[in-house]
Amino acid sequence: MAQRRKVMTVFGTRPEGTKMVPVIKALREKSDWFDVVIVNTGQHRELLDQVFQAHGLEPDHDLAVMQHRQSLTGTLVRMLSGLDELLIKERPDLVLVHGDTNTAAAGSLASFYNRIAVGHVEAGLRTFDKYNPYPEEMNRRIAGITADVHFAPTPLSRDNLLRETVKPDSIFVTGQTGVDATLAMLAQPHEFDAPVLRELDFRAQRVVAVTAHRRENWGEPMHNMFTAMRDLVDRHPDVLLVYPVHLSPSVRELAFPILDGHPRIKLIDPITHPDMLRLASRSYMVMSDSGGLQEETPSMGVPQVLMRETTERPEAIAAGVVIKAGTSYDGVYEAGHRLLSDPDLHRRMAQARNPFGDGRASSRIADYLGWMYGFRSEKPDEFQPE
Ligand code: UD1
């Protein structure tokens, strides 16, 4: 029997948390194979703590790096130094990082300097535009060049890595672990956690669920997006816009002056991730600049207007479930207006086909690592979209 391996998961923001929880659960199901150590860098506080609570998990280590209005370099430095100490103490066999946050960049770099193997979950997403999304495009490339094992969610993300001369036998196509989380969540009874959401009447009004927080959209793009949204609500008297505003002061200072005070716009505090999925799944459509929601709404049959100039998830546009509107006033207004005025377009987009996953990505990752470390003889099958 091969020797039990210590796998350290490192994450620090809410989206990483929601997408790594299924991986942690899958690894912990194989307790004969893996000892899982959970590290929270604390890049986020309230937003990520919710995720741990919802799943009854506790981090083994919390570096608590978050500061008010933290700078990108500042968080990275604090994380590198905290992780370095921890890696020397714990000496894991493998560090698993996720996606494209500063935590992912710090986790992979600190592991590399300590000669510890890195597994990158959600590997190979690219826009090939250095500042879009900023700084995520560079963060995921940093994780990509330091990783020893690349868990690419789709065939397209594998191809991106191959173009960067990553060794084919270090890439494994898994599907999105975020889809695992979404499907598990949607299978549960739909009772909102937040009282403000329980008051919504989804039959009397068409609810448009909004999220917007991206750094490259701070300033003029967000000003355009929010003004277009307000005008859309004025144009469509049966629409109610619901926007849980991110805790970042840079976002709140832009959103409130434009959107607050309108009788059919609800600006609410951040909601739990399960509530976000429940809200999106019952909405007429979603308007967002998020990465993860592009993978989540196709499982729900809810059309989405994407308010970004680029996307690393073109599979959603090809599948016809997302319209890329850009961040200009006209782009956002026109895409929103089309979907709100054209029931045929809405119906076509709502016929969901999810190109991102089948709900088994996390178990594939656990099985692949089991095979890699000699606990099972067969390599698991890769994810293949329909
Ligand atoms: C980060 C990630 C982004 C991810 C997003 C999800 C980076 C560079 N960016 O962006 O990829 O999509 O998280 O949320 O890694 N704050 C709180 N409490 C919290 C969380 C944030 O008060 O629980 C505030 C803090 O004032 C902080 C600010 O939000 O300074 C920004 O947080 P930061 O992690 O720097 O970037 P995000 O915009 O959240």
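Predicted model: local features only at pLDDT ≥ 70, side-chain atom pairs only at ≥ 80, totals over all residues.
Strands of a sheet pair through backbone hydrogen bonds, either parallel or antiparallel. Here 7 strands form an open sheet in the order β3-β2-β1-β4-β5-β6-β7, and the pairing is parallel.

β3 is joined to strand β2 (residues 34–40) by 2 bridges in the parallel sense. The bridge partner of Val 39 in β3 is His 61. Helix α4 (residues 102–113) lies across β1 (5–11), β4 (94–98) and β5 (117–121), and runs at about 160° to β4.

## Nonpolar cores

The largest nonpolar core has 35 residues, of which Phe 226, Met 229, Tyr 243, Leu 259 and Met 287 touch the most other members. Elements that each supply at least two residues include β8 (206–211), β9 (239–244), α10 (249–259), α14 and α15. Helix α9 gives the most, with 7 residues.

Leaving out residues up to four places away in sequence, Met 287 touches Val 208, Ala 209, Val 210, Thr 211, Met 229, Leu 232, Val 305, Met 307 and Val 332. Another core, of 28 residues, lies apart; Trp 33, Leu 48, Val 51 and Leu 96 are among its members.

## Helices α14 and α15

The axes of α14 (residues 329–341) and α15 (residues 343–350) come within 5 Å and cross at roughly 95°. The two helices are therefore roughly perpendicular to each other.

Arg 338, Leu 339 and Ser 341 of α14 make the contact with Pro 343, Leu 345, His 346 and Met 349 of α15. By type, the contact residues are 4 nonpolar, 2 polar and 1 charged.

How values were computed: Residues numbered from 1 in each chain as written. Heavy atoms only, no water. Axes fitted to C-alpha atoms, helices over the stretch in contact; angles between N-to-C directions. Helix = DSSP H or I, 4+ residues; strand = E, 2+ residues; numbered from the N terminus. Parallel < 35°, antiparallel > 145°, perpendicular 65-115°, else oblique. Contact = heavy atoms within 4.5 Å. Nonpolar A, V, L, I, M, F, W, Y, C, P; charged D, E, K, R; others polar. Core = buried A, V, L, I, M, F, W, Y, C linked by side-chain atoms within 4.5 Å. Buried < 20%, exposed > 50% of the residue type's maximum accessible area, 1.4 Å probe, protein only. Pairing = 2+ DSSP bridges.
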